[in-house]
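Hello,

Here is the structure I promised to pass on. Please open it first, then read my notes below with the model beside you.

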Amino acid sequence: MKNSLVVRVRRLQATPVNVDLNEFDAHLVARFGPEAEGWVAAVPSLAAGLAERWGFKLGELFDSGASSLVLRCEWPDGTPAVLKLSPDRALLTRQVDMLRVFAPSGRVPTVLAADPAAGAMVLEEVLPGTAAENMPQTSLPRQWGELLAALHAVPPPAGWPLDLRGRFDESFARIGRRLTEPAIAAWIDQAMWQRAMERCETLLASQSDPVLLHGDLHPGNVLDGGPSRGLIAIDPKACIGDPCFDAVDYVVEGAGLEGVEARCRLVAAACSLDEHRLYAWSRVVAPMAAIGHLTYGGPKPAIEELLALSS
């Protein structure tokens, strides 16, 4: 079978891993181009070599993202872990650096090993690992506030090169290219996009007391670490800026449910944030969230509320 991953590490008596990687070809090729097919084909030997070198046992494949493949593994001391592999070595190097920056917070997975040249790192597995979007919602605002307090208490490293303005410059350019797609253009025009950019500029120009942000703290990037650890953030895109930004994706997720405005009040109080700024940020990211819903068949009430928020 093409791209079937079969890995056996005899020294550790690991169970062979046999999974079809074909489904990951499509999104990796979409992200990195045709050369990604060659990278996927080399994953079995790369994973086996790293297991032999670092002494871990390989397990099953995770539901990986658009830029990486992730496999469960067991560290030599028995710690449940994950092996993350990416053809984008620069991206993986940045992720390692950002996780280590946030390590003092105790609210990101521990990096157990990394080889940026190979595009590989091993992280502790977050357990039980339930995504925040699937957790009971009654206590989530309080837990989100505790998470933000821990992350934002980490001092920004001297000379940290990334800020929130750069984060938005990249997002507006990348996502804005999709406005020409018929399915998007039917709902979001250049005038709406321009309003979001102008609102963003107003907020960026009035930032005060900036902190080191996670930078991509949507509910899918926050996992349940259990009673002793609380919420754990994964895949940071660390940048310096307005602390409200790390709560805005969670607020916008309220569209079509209790409503963005109602969730904003709740989250602002729980996270000790300026409610008016948080709501203003939600109007900036609303059209981006609407594009996500339009792309993946999100619920109509959520799309309608996000579009109204963008007006």
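Start with Asp216, in the loop between strand 8 and strand 9 (222–224). This is a predicted model, so please read every value below as computed from that prediction. Is Asp216 buried or exposed? Asp216 counts as buried because its relative accessible area is 15%, under the 20% cut-off. Which residues does Asp216 touch, leaving aside neighbours within four places in sequence? They are Arg167, Asn221, Asp235, Lys237 and Asp249.

Asp235 sits in the loop between strand 10 (231–233) and strand 11 (239–241). Its relative accessible area is 31%, so Asp235 is partly exposed. Asp235 is not a glycine, yet its phi is positive, at about 50°.

Asp209 also has a positive phi, near 50°, and is a residue other than glycine. Find Asp209 in the loop between helix 7 and strand 8 (211–213). Asp209 is exposed because its relative accessible area is 65%, over the 50% cut-off. Now look across to Asp242. Asp209 and Asp242 are 33 residues apart in sequence. In space, their C-alpha atoms are 7.2 Å apart.

Next, the backbone at Pro128. The peptide bond from Leu127 to Pro128 is cis, with omega near 5°. Pro128 belongs to the loop between strand 7 (120–124) and helix 4 (140–152).

Now zoom out. The protein chain has eleven helices and eleven strands. Of its 311 residues, 52% are buried. Take the contacts with a separation of 6 or more: residues 24 or more positions apart account for 67% of them.

What about the interior? In soluble globular proteins, nonpolar side chains tend to be buried together. Here, the largest nonpolar core has 71 residues. The residues with the most contacts inside this core are Trp144, Phe168, Ile188, Leu278 and Trp281. Helix 10 gives the most to this core, with nine residues. A second, separate core has 21 residues, including Val40, Ala51, Leu69 and Ala120.

Trp281 is worth a click. Not counting residues up to four places away in sequence, Trp281 touches Leu164, Phe168, Cys200, Leu203, Leu204, Asp242, Cys244 and Val248.

Then the helix pair. How do helix 7 and helix 10 cross? The axes of helix 7 (residues 190–205) and helix 10 (residues 275–296) come within 9 Å and cross at roughly 145°. The crossing is left-handed. From helix 7, the residues in contact are Trp193, Ala196, Arg199, Cys200, Leu203 and Leu204. In helix 10 they meet Arg277, Ala280, Trp281, Arg283, Val284, Pro287, Met288 and Ile291. The residues of this contact divide into eleven nonpolar, no polar and three charged.

Last, the cysteines. A disulfide is a covalent bond between the sulfur atoms of two cysteines. How many disulfides are there in this model? The count comes to zero. Take Cys271: the nearest cysteine sulfur, that of Cys244, is 9.2 Å away. Cys271 counts as buried because its relative accessibility is 11%. Cys239 is buried too, at 2% relative accessibility.

Over to you.

Best wishes

Terms used
Residues numbered from 1 in each chain as written. Predicted model: local features only at pLDDT ≥ 70, side-chain atom pairs only at ≥ 80, totals over all residues. Heavy atoms only, no water. Axes fitted to C-alpha atoms, helices over the stretch in contact; angles between N-to-C directions. Helix = DSSP H or I, 4+ residues; strand = E, 2+ residues; numbered from the N terminus. Left-handed = near helix turned anticlockwise from the far one by under 90°. Contact = heavy atoms within 4.5 Å. Nonpolar A, V, L, I, M, F, W, Y, C, P; charged D, E, K, R; others polar. Disulfide = S-S within 2.5 Å. Buried < 20%, exposed > 50% of the residue type's maximum accessible area, 1.4 Å probe, protein only. Core = buried A, V, L, I, M, F, W, Y, C linked by side-chain atoms within 4.5 Å.
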